[in-house]
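Please prepare a short briefing on the model shown below, covering a loop, a helix, a strand residue and a pocket.

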Amino acid sequence: MSVTVEKRVDGPGNTDHVEEAWELKERIREREGVLKQRRRFFVDAYRRATSYLLFLDDDLIGFASVRRDGYILFLAVGPEVRGEGYGRRLVAEVADDHRTVSCHARTTNQEALDFYQHVGFEIKRRIDNYYEDRGDAYYLKLGPDERLRDKLSEILGRWGPGRRRR
């Protein structure tokens with residue numbers, strides 16, 4: 001059975017879906033016990049970024065907010081739909097629009113690190129005391145290997161616009 005997943009994009013200055021993105025991020029934070037983020041910081045960063053959003057039946061199931069240089073500020077996929085390719089799809093959307101893609105991930109967040117490495121990110125360096133709570137981070141980078149960008153674009157093409165397999 002196929003289910004339609006709609007992609008929407010909030011460009012810089014557009015905050016049409018910031019409340020839904022904040023709610024998804026906070027739901028994940030509460031479930032996984034990650035560091036609480038200041039709402040104002042989130043909204044300001046979202047406003048300056050381009051955000052790729054995936055909706056299933058008008059419910060936000062995942063989003064990626066990205067700076068102009070391809071740096072992923074936020075990547076979130078609802079726990080109930082993880083493992084279904086939505087994270088890969090969001091990274092592919094970002095890679096289609098940027099020569100390189102980069103991000104930071106907490107050194108203790110093995111699930112995130114496994115995901116990023118699975119889709120082709122490489123750990124470039126460790127940064128001690130990166131986070132507000134003095135947690136350490138890895139800086140990860142994807143690209144500019146064109147073959148990898150083609151692979152990610154293929155993921156999108158295989159699903160077709162707004163489709164997923166179930």
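Asp57 lies in the loop between E2 and E3, and Asp58 is placed in that loop between E2 and E3 as well; helices (H or I, at least four residues) and strands (E, at least two) are DSSP runs, numbered from the N terminus. The model is a predicted one, in which local features need pLDDT of at least 70 and side-chain atom pairs count only at pLDDT 80 or more, while totals for chains, interfaces and linings use all residues. Residues are numbered from 1 along each chain as its sequence is written, and side-chain values use heavy atoms, with hydrogens and water left out.

- Most residues other than glycine have a negative phi.
- Asp57, although not a glycine, has a positive phi of about 50 degrees, and with 63% relative accessibility it counts as exposed (buried means under 20% relative accessible area, exposed over 50%, partly exposed in between, with a 1.4 Å probe and protein chains only).
- Asp58, also not a glycine, has a positive phi of about 65 degrees and is exposed, at a relative accessible area of 57%.

**Helix H2**
- In H2, which spans residues 39-48, the buried residues are Phe42, Val43, Ala45 and Tyr46.
- Because these residues cover an arc of only 165 degrees around the axis, they sit on the same side of H2, the arc being that of the directions from the helix axis to the C-beta atoms.
- Arg40 and Arg48 are exposed on the other side of H2.
- The cover over the buried residues of H2 includes strand E1 (3-10), H1, strand E2 (50-56), strand E3 (59-66) and E4.

**Val101 in strand E5**
- Val101 belongs to strand E5 and is buried, with a relative accessible area of 2%.
- Leaving aside residues up to four places away in sequence, Val101 touches Gly70, Ile72, Val94, Ala95, Phe121, Leu140, Lys141 and Leu142, where contact means heavy atoms within 4.5 Å.
- Val101 and Gly143 are 42 residues apart along the chain, and their C-alpha atoms are separated by 6.5 Å.

**Largest pocket**
- The largest pocket holds about 1400 Å³ of space (on a 1 Å grid over the protein atoms alone, a pocket is an open set of points where a 1.4 Å probe fits, with protein on both sides within 12 Å along at least five of seven lines, and lining residues have an atom within 4 Å of a point).
- Of the 40 residues that line the largest pocket, Phe74, Leu75, His104, Asn109 and Tyr116 are the closest to its centre.
- E4 gives the largest share of this lining, 6 residues.

Technical notes:
Points joined across faces, edges and corners; volume = space filled by probe spheres on them.
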